[in-house]
Amino acid sequence: MAAPYAPPPSTLYNRTPQSLYADRETMTAETTPDAVREALESYVDPYLGESLGAASAVEEVRVGAGIEARIVLGYPVGGYQAQLQQALSAHLASRGIPDALRLDLRSNIKAHAVQRNLKPLGEIANVVAVASGKGGVGKSTVAVNLALAWAAQGARVGLLDADIYGPSQPIMLGLAGERPTSPDGKKLKPLSAHGVSAMSIGFLVDEQQPMVWRGPMVTQALTQLLSETNWGPLDYLVVDMPPGTGDIQLTLAQRVPVAGAVIVTTPQDIALADARKGLKMFDKVAVPVLGVVENMSIHVCSNCGHAEHIFGAGGGTRMAAEYGVRLLGELPLDARIREETDAGHPTVVAEPDSPRAHAYFEMARNAAGALAMRARDRSALFPKIVIEES
Ligand SMILES: Nc1ncnc2c1ncn2[C@@H]1O[C@H](COP(=O)(O)OP(=O)(O)O)[C@@H](O)[C@H]1O
Ligand SMILES: [Mg+2]
Ligand SMILES: [Zn+2]
């Protein structure tokens, strides 16, 4: 026999408004800066994948008529203020601190450690390689949208198109046919599009004339393109790597001081284990893999807009778990992405408010968040220690 219905025990309904108010008063009385700081530091930021405490992100807390908190994150925060303020207010409330929060959110992007035998590139804080196990998976599309998303979020960004076999950044950035100049006769001035500085082998060679590159020529040409371009100060230089995991890619990954790599795959690529080769290559040269981007994972129908995992769901998640790396994003297969990118206005600048652009912005924040938690480059911090004999 079923038990008769009984309303859940409620203390709230039985209280007078006065007693509710008294409760609130006690909470407010307990709101000390230390308690607020502790609560804020326990918040796990989804992009860092760590607590604000672990990231030493809470700089200052003041308690007065409300709460004022200054939080400094190691990744670009443009467009994040409202979202984080709301999440932190809810987090504080759940910890018994319902006071109004005024968030002062800032970003401080540091240079992160590179391969141990290489020196970081002075003015370029972080080189981020975008790689893939094979061609045609959307690596260049991811690279350009990553660069443009970081720029839109407030970072100083460059894009180096290192794909010698099919440089596509001149077209994707709407710079086809343009040539870089050298005002000082020594270094090349990068071209600029949508706020990003760009250099591509495609600016320097005639696209109609197929070039025969031998391996050593390729790596020399690319390291030169990197070092002989006057990039100026950059938070991130995104490198669109040649596809695959052959000698050229390996040599590049050994010679260029890289802070982190992003591996682009498609669901089929995951099944064929090409992406794993990419992971292994960076492992071999001790470049940290920031994570995996699953491109074309959901098909968005251009007639009715319905979305479907035509290649099966969860491949990227499984792969990320298996190799202990993060899944940075799952990007839709959407004809508009190709149209926008081919027209020189990649999605994040063409339709920044669309769901497909949102997927790129999230991917960019995840990648920058993962990098922010990596070890810093300490080469500039520690002076040479001289031991004097007494
Ligand atoms: N998510 C996507 N949806 C639709 N088309 C895409 C998507 N990503 C890439 N493409 C298209 O697929 C083709 C290959 O992409 P590309 O970035 O040039 O690949 P890769 O650099 O890996 O060779 C291009 O025509 C591009 O516009
Ligand atoms: Mg490409
Ligand atoms: Zn449809």
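Author: A residue is buried if 20 or more other C-beta atoms lie within 10 Å of its own, exposed if 12 or fewer, and partly exposed in between, with C-beta atoms placed from the backbone. Residue numbers run from 1 along each chain as its sequence is written, while chains are lettered from A and ligands numbered from 1 in the order in which they are written. The model is predicted, so local features need pLDDT of at least 70 and side-chain atom pairs pLDDT 80 or more, whereas totals for chains, interfaces and linings use all residues.

Reader: What distance separates the C-alpha atoms of Lys 280 and Tyr 323?
Author: Along the chain, the two residues are 43 residues apart.

Reader: What is the mean pLDDT of the chain?
Author: pLDDT is the predictor's confidence in each residue, from 0 to 100. Of the residues in the chain, 87% reach 70 or more. The chain mean is 87.

Reader: What share of the chain's contacts with a separation of 6 or more joins residues 24 or more positions apart?
Author: Two residues are in contact if their C-beta atoms, placed from the backbone, lie within 7 Å. The chain has 14 helices and 14 strands. Of its 390 residues, 44% count as buried. The share asked for is 76%.

Reader: Which element gives the most to the shell around ligand 1?
Author: A residue counts as near a molecule or strand if its C-beta atom, placed from the backbone, lies within 6 Å of it. Of the 20 residues around ligand 1, those that come nearest are Gly 138, Lys 139, Ser 140, Thr 141 and Arg 338. H4 (139–152), E12 (289–300), E14 (326–333) and H12 (335–342) each supply at least two shell residues. The most, four residues, come from H12.

Reader: How many residues of that shell are charged?
Author: Ala, Val, Leu, Ile, Met, Phe, Trp, Tyr, Cys and Pro count as nonpolar, Asp, Glu, Lys and Arg as charged, and the others, Gly among them, as polar. Seven shell residues are nonpolar and nine are polar. The charged ones number four.

Reader: What is the phi of Ser 56?
Author: Most residues other than glycine have a negative phi. Ser 56 lies in the loop between E2 (50–51) and E3 (58–63). With 10 other C-beta atoms within 10 Å, Ser 56 is exposed. Its phi is positive, near 50 degrees.

Reader: What is the phi of Ala 286?
Author: Ala 286 is placed in the loop between H10 (274–284) and E12. It has 14 other C-beta atoms within 10 Å and is therefore partly exposed. Though not a glycine, Ala 286 has a positive phi of about 60 degrees.

Reader: How far apart in space are Gly 312 and Pro 267, C-alpha to C-alpha?
Author: Gly 312 is in the loop between E13 (307–308) and H11 (315–323). It is exposed because 11 other C-beta atoms lie within 10 Å. Gly 312 and Pro 267 are 45 residues apart in sequence, and their spacing is 7.6 Å.

Reader: Which residues does Leu 175 touch, leaving out those up to four places away in sequence?
Author: Leu 175 lies in the loop between H5 and E8. Its 19 C-beta neighbours inside 10 Å make it partly exposed. Its contacts are Pro 170, Leu 191, Ala 193 and Ala 198.
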